[in-house]
Amino acid sequence: MGETRPRVRTHTGLILKDTLRRFMAAVCLAVWLPLGLGCSTSDLSGATSGATGISLSGTQAGNTSSQASAPTGAATPESEPQIPDPGAGASSTQPTSGPGAAVAIAAGSRWETRAYVQNPGSSPTVVIVGGMHGAEIAGFTAGDEVQKITVRNGRLIVIPRVNVLGIKNKSRAVEGTGVSDCNRGWPSSSSEAPKGFLAQEVWKFLVEQKPDWVIDMHEGFAFHLESSWSMGSSILYCSTVGPTPPEVDSMLSAVNKPITDPQHKFSILRMALESCMSGSTGAVLNARSMIVETTRPLPLSERVNQHVTIVRQLLSELQMI
Ligand SMILES: [Zn+2]
């Protein structure tokens, strides 16, 4: 990302090495991207074009020397539990009990999803989103779990399964809208409209809520510190909203505490996240926004637990729980 290479190389070995590297990268992209499996650096190339560059902070700062590798270990994920089929209506996919009041977004449409709101009128406002990418089961499973957390202060808003048709189809796309990736096409200014009906309805809701914090829960297909092409096990903090707050360092410490393999630890990556929902809530709404990526080879329960740990740590830091 952001790499510059000379156009002409005279050394045969360098040419062969570069050709081989490009070939391997092309193979990875050709096989992996169409499957829509997880989030990667390539996947976020559009999102990072305006970034000030990736930097690492927290306990993994400086640990960036790992080599990119083909997703050999990531190609055999665990057997996942069955994802319930929501059928024609979206409502059956939504959690039915929890402390928050349910609010319909895109109400009455086939894209209808629900936000669960606790303590309206209180502050700060924390928004947690799951299910943007329907194949990333840990994101929306964690959404269902986070929706059960009761806060004593502040306002917690959880949208556990934002892209219900994507979840049904195990897809990044938003069915019936022409949007091939639910986490692209979000606005970079208040005068811009998001791409597609679902994003427009969600954006309208988010603008009304004026969030102070936003966490969008995803998963990658390999550990970022082992394979830099994947975003697995990282907190992608929106770089347009100032320095990384201490709360995010605390979230990093909490999730890394039980992880013994240094290559499997989370790191903080600072990115503009342009055209992603988190980038837009950062740039346009000035929210402290981030994407959290767990890593798919880990058991689902562990990935969900990591998401929940990160969310709970933020809520604890904000004295909401
Ligand atoms: Zn994703």
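Ala-102 lies in strand β2, which spans residues 101-105; strands are DSSP runs of E with at least two residues, helices are runs of H or I with at least four, and both are numbered from the N terminus. The model is predicted, so that local features need pLDDT of at least 70 and side-chain atom pairs count only at pLDDT 80 or more, while totals for chains, interfaces and linings use all residues. Residues are numbered from 1 along each chain as its sequence is written.

Ala-102 is partly exposed because 15 other C-beta atoms lie within 10 Å; a residue is buried with 20 or more such atoms within 10 Å of its own C-beta, exposed with 12 or fewer, and partly exposed in between, with C-beta atoms placed from the backbone. Ala-102 touches Arg-114 and Tyr-116, leaving aside residues up to four places away in sequence; contact requires C-beta atoms, placed from the backbone, within 7 Å. Between the C-alpha atoms of Ala-102 and Val-117, which are 15 residues apart along the chain, the separation is 6.5 Å.

The chain as a whole contains 7 helices and 9 strands. Of its 321 residues, 48% count as buried. Among contacts with a separation of 6 or more, 74% join residues 24 or more positions apart.

The largest nonpolar core has 65 residues, of which Val-126, Ile-235, Leu-236 and Met-290 touch the most other members. Helix α7 (residues 300-317) gives the most to this core, with 6 residues. Such a core is a set of buried Ala, Val, Leu, Ile, Met, Phe, Trp, Tyr and Cys residues joined through C-beta atoms within 7 Å. Beyond four places in sequence, Ile-235 touches Val-248, Met-251, Leu-252, Phe-266, Ile-268, Met-290 and Val-292.

Terms used. Two residues are in contact if their C-beta atoms, placed from the backbone, lie within 7 Å.
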